[in-house]
Amino acid sequence: MSKEPDASPPTLFPYLSYRDAAAALTWLAEAFGFTKTVVFSDPAGTVMHAEMSFGNGAIMVGTATVDQPAESHRNVPAEHGIYVHVADVDAHYQRALAAGAHIVFPPEDTEWGTRRYRALDPEGYEWSFGNYRPSPNA
């Protein structure tokens, strides 16, 4: 028996450190359709903290520092990434492709009945987009 969907705001917010967070913000908006909602920069213009929305979800983005090098994410196993629900997988794929996203897997239908594709952003984070919507209330 599944519960009713939770109408409260999301409670899970991935955060990503980029060598060039300002460029990442622009690219994520252009390629994947994220919207900048908050940007805090230091006096030199370096993005210290930013937030981007997509649907009712959000991510946090910042510039990697000496204390937290951007390369740290490369030391985790493959087959990791961030999954985002999209209604039209093929249209989203075309947008990402037009913006120069490195495609890991083109759109495909899975054996469990969903459609998805995977892409890398310019700094190597893997993003998966599909029409399956996980339920935190299952």
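Q: Which residues touch the most other members in the largest nonpolar core?
A: This is a predicted model. In it, the largest nonpolar core has 28 residues, and Y18, L28, F32, F34, V61, Y117 and W127 touch the most other members.

Q: Which elements each supply at least two residues of this core?
A: Two helices do, α1 and α2 (89-98). So do the strands β1 (15-18), β3, β4 (57-63), β5 (82-85), β7 (115-120) and β8 (126-130).

Q: And where does the largest share come from?
A: From α1, with 7 residues.

Q: Which residues of α1 are buried?
A: A21, A24, L25, W27, L28, A31 and F32.

Q: What span does α1 have, first C-alpha to last?
A: 15 Å over 12 residues. That is close to the 16 Å expected at 1.5 Å a residue.

Q: What follows α1?
A: G33 does, with a positive phi near 85°.

Q: Buried or exposed?
A: H92 has a relative accessible area of 9%, so it is buried. The cut-off for buried is under 20%.

Q: What does H92 touch, not counting residues up to four places away?
A: F32, F54, V86, Y117 and F129.

Q: Back to the helices. At what angle do α1 and α2 pack?
A: About 135°, with the axes 7 Å apart. The two helices are therefore oblique to each other.

Q: Which residues meet there?
A: From α1, A29, E30, A31 and F32. From α2, H92, R95 and A96.

Q: Switching to rings. How many aromatic pairs are there?
A: The count comes to 9. One of them is F34 with F54, which is tilted because the ring centres are 5.2 Å apart and the planes sit at 45°.

Q: Why does that pair tie together separate parts of the chain?
A: F34 lies in the loop between α1 (21-32) and β2 (35-41), while F54 is in strand β3 (residues 47-54). The two parts are therefore 20 residues apart in sequence.

Q: Is F34 buried or exposed?
A: F34 counts as buried, at 5% relative accessibility.

Q: What about W127 and F129, how are their rings arranged?
A: W127 and F129 are stacked, 6.4 Å centre to centre with 15° between the planes. W127 counts as buried at 0% relative accessibility. F129 is buried too, with a relative accessible area of 0%.

Q: Which residues do ring pairs link into a cluster?
A: W27, F32, F34, F54, Y93, Y117, W127 and F129.

Q: Zooming out, how many helices and strands are in the chain?
A: 2 helices and 8 strands. From the N terminus on, they run β-α-β-β-β-β-α-β-β-β.

Q: What percentage of the chain is buried?
A: Buried residues make up 33% of the 138 residues.

Q: And what share of the contacts with a separation of 6 or more joins residues 24 or more positions apart?
A: 55% of them.

Technical notes. Residues are numbered from 1 along each chain as its sequence is written. This is a predicted model: local features need pLDDT of at least 70, side-chain atom pairs count only at pLDDT 80 or more; totals for chains, interfaces and linings use all residues. Side-chain values use heavy atoms; hydrogens and water are left out. Rings of Phe, Tyr and Trp (its six-membered ring) pair if their centres lie within 6.5 Å; planes under 30 degrees apart count as stacked, over 60 as edge-to-face and the rest as tilted. Helices (H or I, at least four residues) and strands (E, at least two) are DSSP runs, numbered from the N terminus. Buried means under 20% relative accessible area, exposed over 50%, partly exposed in between (1.4 Å probe, protein chains only). A nonpolar core is a set of buried Ala, Val, Leu, Ile, Met, Phe, Trp, Tyr and Cys residues joined through side-chain atoms within 4.5 Å. The expected span of a helix is 1.5 Å times one less than its number of residues. Axes are lines fitted to C-alpha atoms, for helices over the stretch in contact, and angles run from 0 to 180 degrees between N-to-C directions. Angles under 35 degrees count as roughly parallel, over 145 as roughly antiparallel, 65 to 115 as roughly perpendicular and the rest as oblique. Contact means heavy atoms within 4.5 Å.
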